[in-house]
Amino acid sequence: MLNTAYCSDKYQYTMGKSFYDNGMKDQIAVFNLFFRSAPDKNNWAVVSGIRESLRMIEALGSEDVSFFEKMLPGEEYHPFCEYLSKMKFTGQVYAMKEGEIAFPKEPILTVVGPIIEAQVLETPLLCIMNHQMAVATKASRVTRAAGNHPVSEFGSRRAHGPWAAQYGSKAACIGGCAGTSNILSGIEFGFEASGTMAHSYVTSFGCSIDGELHAFDSYIKTHRGENLILLVDTYDTLKCGIRNAVKAFRENGIDDDYPHGYGIRLDSGDLSYLSQKCREILDDAGMKKCRIFATNALDEYIISELERQGACIDSYGVGDAIATSKHNPCFGNVYKLVQIDGKPVLKRSEDKIKLINPGFQITYRIIQDGKFKADVTCLRGDSFEKTLMAGGELWITDEQDETKYTTFPAGSYTFKPLQELVYSDGKAIEESRTLAEKRDYYRSNLSSFNPTQTRIINPHYYKVDISDDLYDMKMGLINRLMQQIKMNDESAGDKDTVSHVVVDMLYDFIDGSLACNGAEEALKDDVAYIRRHPEQKVLYVADHHPANHISFKEQGGIWPSHCVIQSHGGEIHSSYFELPENLRPNTENTFFKGTNAKKEQYSGFLSHNRAGIELETILSDKVVVSGIATEYCIREICLDLLKSGRKVYLRHNALGYIEKDGHEKTLKELMHAGVALI
């Protein structure tokens with residue numbers, strides 16, 4: 001009997017021994033299981049596998065010490081093996097429901113518990129969840145392609161082993177399939193498995209047209225009172241198969257009054273053409289309720305094309321495409337440590353996509369007018385969650401593209417948490433939903449999205465965000481890491497390297513809604529300076545305000561609306577784009593500030609680029625500053641640069657300002673603080 005709790009990789013246990021020997025076994029860890037990207041260029045997946053995961057967790061600690069000594073031999077491992085033989089999981093598990101629709105980086109399953117207990121669950125959890133979510137998500141794609149026509153899963157013979165066949169069938173049903181042929185799955189989950197006949201049944205009556213008719217006749221007689229499906233393509237679908245089927249039905253009194261349903265199955269050839277011709281023959285025979293069932297290496301793309309061509313197919317049977325998730329057989333769930341002893345942690349990799357969200361999280365789905373509008377993952381108990389619980393105004397911004405944002409006025413929305421407690425006090429919290437109810441839950445979720453977000457090809461992406469507090473925590477950890485990496489890198493920079501920070505050289509500050517004195521002259525001088533000093537690394541800082549920013553007069557602030565996201569006034573002046581390519585603004589060297597509607601941010605010291613990297617983490621020890629406006633944004637960034645220990649050079653002729661007196665007063669203040677004017 002397979003004990004899935006120990007279907008693991010050895011490194012889970014070698015790490016566990018180190019935790020044990022180092023006195024870390026009682027430290028409370030938080031792990032998140034999530035995926036970074038969904039299969040087939042979609043941006044969501046269907047959750048399945050929670051039930052089996054919880055049963056696996058309950059089985060932890062079910063082997064005696066001899067089991068562990070086989071994989072961890074040697075006297076030095078004996079105390080640890082003794083510990084493992086008695087180790088049950090004592091923590092908590094939070095998870096999405098089976099049938100939930102999940103998006104990248106959202107915690108599908110969160111494990112909270114002593115670090116060894118939580119760590120050794122990694123591989124068995126991923127084994128279960130990756131398999132079932134691959135199948136459920138593929139089933140979702142296939143059933144969506146079929147529209148209102150039901151799909152049955154027939155892939156057990158191609159599944160990757162009996163366990164995969166049984167639980168893949170379950171996942172396929174959650175993902176929308178109307179039924180499955182797998183009898184073990186049917187027995188375990190309480191439904192009747194479906195099945196018809198194979199070609200071997202037809203040929204067993206002799207390789208002849210008469211033999212085919214005899215096969216159909218005998219099948220009907222032995223299954224009267226059940227749904228009757230005859231396989232008609234063994235020899236020739238149109239010239240004998242469909243005709244023998246009609247004759248056998250007639251001779252046995254099977255017609256449109258038969259209460260249990262009847263039909264034919266096509267398993268080869270041009271399914272669109274054959275189904276249309278068979279439909280004509282059946283209709284001419286008065287068998288308008290005789291259904292046409294199609295199989296033959298189908299997937300969502302073939303089914304979509306059959307539907308487009310007007311095929312007369314009433315239902316589909318799909319095998320390996322679902323059972324093995326044929327186009328994307330390896331689902332991408334990962335299991336990452338996000339908190340240890342109350343302290344957030346993350347993995348920062350060379351690959352941007354591998355950057356994870358730290359801390360103990362929960363995801364909320366925002367609902368308006370009965371439709372799902374956005375998902376926000378936040379830290380449990382953070383300011384976003386408090387605002388949500390109070391029904392206050394929400395501001396949702398795409399973490400990767402700040403130009404994409406949505407507001408939800410107070411009282412205009414409802415919400416649901418996507419993760420719930422499913423394991424506590426040493427046992428799973430059982431749910432009473434049947435497999436059919438889980439499938440219904442998935443279908444209900446599906447209908448609550450905009451149809452453009454659930455189409456098979458080029459779906460419109462749904463809004464997925466993280467809260468400001470989670471973002472700030474994440475970026476704070478990254479920036480501290482980058483500072484430490486920089487300090488430890490002996491080649492981190494020639495001390496004579498100079499960074500040139502260009503602040504707010506934007507149209508609204510030059511000739512727009514908040515045009516500043518001296519701005520145009522400053523622009524010309526600054527561009528000329530950059531051309532003369534191509535050795536300096538140019539970095540651009542830009543106001544990037546939402547339309548309802550707190551600093552605007554309409555919102556009670558002191559400034560007219562300016563530098564709004566996606567507006568001309570918020571763009572860097574075109575003169576900078578005429579510079580040599582390595583000196584022009586781009587996605588890596590442009591840093592944004594003032595992006596939070598509820599926070600004023602004059603200094604660009606902590607501004608960030610599209611990749612989320614903050615300016616201060618990449619500045620050299622010597623910084624030249626130019627831009628707008630002296631009394632505010634220039635003043636604040638210079639003071640922050642000085643506080644960080646950097647040498648600051650301010651370009652006197654490349655500054656725009658609000659008022660002359662304030663400009664001069666601020667220059668004196670900055671010089672007194674240690675800024676050098678050049």
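**Side-chain contacts, strands and cavities**

Q: Which ring face does Arg 365 lie over?
A: Arg 365 lies over the face of Phe 372, at 5.2 Å from the ring centre. A charge counts as sitting over a ring if NZ of Lys or CZ of Arg is within 6 Å of the ring centre and within 35 degrees of the ring normal.

Q: What sort of model is this, and how are the residues numbered?
A: It is a predicted model, in which local features need pLDDT of at least 70 and side-chain atom pairs count only at pLDDT 80 or more, while totals for chains, interfaces and linings use all residues. Residues are numbered from 1 along each chain as its sequence is written, and side-chain values use heavy atoms, with hydrogens and water left out.

Q: Back to rings, then. What lies over the face of Tyr 94?
A: Arg 380 does, at 4.5 Å from the ring centre.

Q: And which cluster is Phe 372 in?
A: Phe 372 forms one aromatic cluster with Phe 103, Phe 449 and Tyr 462.

Q: How many aromatic pairs are there in the whole structure?
A: A search of the whole structure finds 25 aromatic pairs. Rings of Phe, Tyr and Trp (its six-membered ring) pair if their centres lie within 6.5 Å; planes under 30 degrees apart count as stacked, over 60 as edge-to-face and the rest as tilted. Phe 67 and Phe 68 form an edge-to-face pair, 5.2 Å centre to centre with 90° between the planes.

Q: Is Phe 68 buried or exposed?
A: Phe 68 has 0% relative accessibility and therefore counts as buried, whereas Phe 67 is partly exposed at 28%. Buried means under 20% relative accessible area, exposed over 50%, and partly exposed in between (1.4 Å probe, protein chains only).

Q: What about Trp 559, which ring does it pair with?
A: Trp 559 pairs edge-to-face with Tyr 632, at 5.1 Å centre to centre and 90° between the planes. The pair links distant parts of the chain, 73 residues apart: Trp 559 is in the loop between strands S23 and S24, and Tyr 632 is in helix H20 (residues 630-643). Helices (H or I, at least four residues) and strands (E, at least two) are DSSP runs, numbered from the N terminus. Trp 559 is buried at 12% relative accessibility, while Tyr 632 is partly exposed at 30%.

Q: Which residues lie nearest the centre of the largest cavity?
A: Of its 15 lining residues, Phe 509, Leu 514, Trp 559, Tyr 602 and Cys 633 lie nearest the centre. The largest cavity holds about 130 Å³ of space, and the structure has two cavities of 30 Å³ or more.

Q: What counts as a cavity here?
A: On a 1 Å grid over the protein atoms alone, a cavity is a set of points where a 1.4 Å probe fits but cannot get out, and lining residues have an atom within 4 Å of a point. Grid points are joined across faces, edges and corners, and the volume is the space filled by probe spheres set on the points.

Q: Turning to the strands, why is S23 largely enclosed?
A: Strand S23 (residues 537-543) is largely enclosed by the rest of the structure because six of its seven residues are buried.

Q: Which strands does S23 pair with?
A: S23 pairs in the parallel sense with strand S22 (residues 498-503) over five bridges, and Val 502 stands opposite Tyr 540 in S23. Four bridges also join S23 to strand S24 (residues 590-593), again running parallel, and there the bridge partner of Ala 542 is Phe 592. Two strands pair if DSSP finds at least two bridges between them.

Q: How many salt bridges are there?
A: The count comes to 32 salt bridges, each being a side-chain nitrogen of Lys or Arg within 4 Å of a carboxyl oxygen of Asp or Glu. One network of them links Arg 51, Glu 52, Arg 55, Glu 98, Lys 170, Glu 188, Glu 431, Arg 433 and Lys 438.

Q: What does Arg 141 meet in a salt bridge?
A: Arg 141 meets Asp 40, at 3.5 Å from N to O. Arg 141 lies in helix H6 (residues 122-145) and Asp 40 in the loop between strand S1 (28-35) and strand S2 (45-46), so the pair ties together parts 101 residues apart in sequence. Both Arg 141 and Asp 40 are buried.

Q: And which residue does Lys 17 bridge to?
A: Lys 17 bridges to Asp 21, the closest N and O atoms being 2.5 Å apart. The two are four residues apart in helix H1 (residues 10-21), which means a separation of about one helical turn.

Terms used. 1 Å grid on protein atoms, 1.4 Å probe; cavity = no way out; pocket = protein on both sides within 12 Å on 5 of 7 lines; lining within 4 Å.
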